[in-house]
Amino acid sequence: MIIKGRGIARGSATGALLVSDAPLSFLSGVDPESGVIIEEGHPLKGESIAGRIFAFPYGKGSTVGSYVIYALARNGKAPAAIINREAEPIIATGAIIAKIPMIDRLEAPLPALKGGTEVTVDADAGTVSWQE
Amino acid sequence: MFLESEEQQILNGEFGETRQQMMELLVGLGTVFGAERLVPIASAQVSGASYKTIGRWGLEWLQGLDARVAVPTVLNPIGMDRDRWREMGVPEEFAGKQEAVIDAYERLGIRLECTCTPYYLSNTHYGEHLAWAESSAVAYANSVIGARTNREGGPGALAAAIVGRTPYYGLHIFKNRQPSIGIAVDDPAAIKDAADYGALGYVAGKIVGNRIPLFSGIRPNRDHLKALGAAMAATGAVALYHVAGITPESRLPTFKAEVPETVEIRMAEVREVFSSIEVDAIAVGCPHLSPAEMETLAGLLEGKKVKKPFFVFAARGVIAGNRAAVERIERSGARVYADTCVVVSPALDRFDAIMVNSGKALAYVPTMCGAVARIGTMEECVAVATA
């Protein structure tokens, strides 16, 4: 199965999908040492985004969040790729300086895949794909 | 997004890894904002200069970059005066890290002016495209000068500085620069001092949000406009405003003065912003003082001694060009510092209540310094300091 989208930060990666319905502030929302979501009240609080294909609607909060994404990459705890509903400058900047493939505006919503399903984001081709 | 052949080569990595990543950033941001192409810029002003904001990881990212800026570029204010930080009471550990950030920027060819008023240091012209980050400087460049810049984030402004281009969208495009809300004042003659304009901007910014206001009836000079725009950029997200008959674009035949709604601000609301609380320090120069404001302050302090700490902030180049006024100010016991300001310096954290003559500082002092803020005119600031 393949869904088209819009490439924001180049590259491709495969990993287990993690989907959040809530926007996220990386500054004070994610621990840069562990990759664990620490934002109070976030539905995925306690989950690690490290190595995952992390899908969430859009970023919020401080622009310093871009550097937190970079810190995650330097610590080896960054998501393997990012899927946003609508990219905004904080996440886009963070993904590009941290060299994390990123895509947004998927032409169809991601179906309810089983937790941990392996998906591939190819931001150069602008696609998200997985085995049925 | 359309790229010219040289831009495509940069993106392909033919001019090095840093320029490639900077071009990726411009293309990525251009895609997010719906830009069709890039536009050459005349200058850049980069934020993310304080160690307090970018932290260890921001510093590491900067240190890894290997390129030189393509256009004249300055920085936003940092946490301390580069020469007089000890006297300001800035801790040694912070100073060391701040120096490392400055060094990283200097290596990229950025001029070590850390100021929110770059327009006092080099000529910025009507119609020029810029990539500036500091909100009050963006408001001044767009509104008072008629140059064109969006409010850039730190990495976006740096990428524009290194590539010499920025995505062409938003306020770079003339049709997006027309007013969308009118602001009238019931007693415009009562708005006289820069502090009045700061207080008006403080009130107006909350009403305007991210729209483009058109003021009518008021007659501000350039220092007044600076105060008005800085306050609106702090309490709202105003990056461009017009004042009928005063700001350059309001005088163009293509200017569309008809706005869907006009809001009247009453002087009573503006006066409510002023208070008479006790303060333990005074700070002026938010945004950094102009040469004219420096001269006015020197005159007001002549022959007087300040009895409370009195901080004055200005661009290094403006201080260097106005030594006589600076000496007259410092003879009173007031201190004139470069590179930093009331909002970003940790040196002002030790005070409980700070008097300012700026609507922008009034908005930021409570959260950034953990102090109560009081606004007054420059005369009132001097009177309180010397009483």
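Author: In this predicted model, the end C-alpha atoms of residues 1-382 of chain B lie 54 Å apart, and the span is 41% helix and 13% strand. The UniProt record, in an unreviewed entry, annotates these residues as "domain: Phosphomevalonate dehydratase large subunit-like". A separate domain assignment divides chain B into domain 1 (5-174), domain 2 (178-272) and domain 3 (281-386).

One helix of chain B can be followed closely, beginning with the core to which it contributes. The largest nonpolar core has 175 residues, of which A:Ala95, A:Met102, B:Ala283, B:Val312, B:Val342, B:Ile354 and B:Val356 touch the most other members. The largest share of this core, 9 residues, is supplied by helix H8 (residues 194-208) of chain B. H8(B) is mostly covered, with 13 of its 15 residues buried. After H8(B) comes B:Gly209, whose phi is positive, near 65°.

Returning to the core, B:Ala283 shows how one of its members is surrounded. Leaving aside residues up to four places away in sequence, B:Ala283 touches B:Phe311, B:Val342, B:Leu348, B:Ile354, B:Val356 and B:Ala361. Among these partners, B:Val342, B:Ile354 and B:Val356 are themselves listed with the core residues that touch the most other members.

A residue of another kind is B:Glu106, which is placed in helix H5 (residues 92-107) of chain B. B:Glu106 counts as exposed because it has 12 C-beta neighbours inside 10 Å. Although B:Glu106 and B:Leu75 are 31 residues apart in sequence, their C-alpha atoms are 10.0 Å apart in space.

Chain B also meets chain A, with 18 residues of chain B in contact with 18 residues of chain A. On the chain B side, the elements that give two or more residues are helix H2 (17-33), helix H3 (51-63) and helix H7 (154-163). By class, this side of chain B has 7 nonpolar, 9 polar and 2 charged residues.

In chain A, an unreviewed UniProt entry places the feature "domain: Phosphomevalonate dehydratase small subunit-like" at residues 24-103. Over these residues chain A is 24% helix and 12% strand, and the end C-alpha atoms are 16 Å apart. The unreviewed UniProt entry also carries the annotation "active site" at A:Ser62, a residue placed in the loop between strand E4 (53-56) and helix H1 (65-74) of chain A. A:Ser62 counts as partly exposed because it has 16 C-beta neighbours inside 10 Å. Not counting residues up to four places away in sequence, A:Ser62 touches A:Ser25 and A:Leu27.

How values were computed
Residues are numbered from 1 along each chain as its sequence is written. Chains are lettered from A and ligands numbered from 1 in the order in which they are written. This is a predicted model: local features need pLDDT of at least 70, side-chain atom pairs count only at pLDDT 80 or more; totals for chains, interfaces and linings use all residues. UniProt positions are given in the numbering used here, feature names are shortened, and annotations may be inferred rather than shown by experiment. Helices (H or I, at least four residues) and strands (E, at least two) are DSSP runs, numbered from the N terminus. A nonpolar core is a set of buried Ala, Val, Leu, Ile, Met, Phe, Trp, Tyr and Cys residues joined through C-beta atoms within 7 Å. A residue is buried if 20 or more other C-beta atoms lie within 10 Å of its own, exposed if 12 or fewer, and partly exposed in between; C-beta atoms are placed from the backbone. Two residues are in contact if their C-beta atoms, placed from the backbone, lie within 7 Å. Domain bounds come from an automatic or database domain assignment. Ala, Val, Leu, Ile, Met, Phe, Trp, Tyr, Cys and Pro count as nonpolar, Asp, Glu, Lys and Arg as charged, and the others, Gly among them, as polar.
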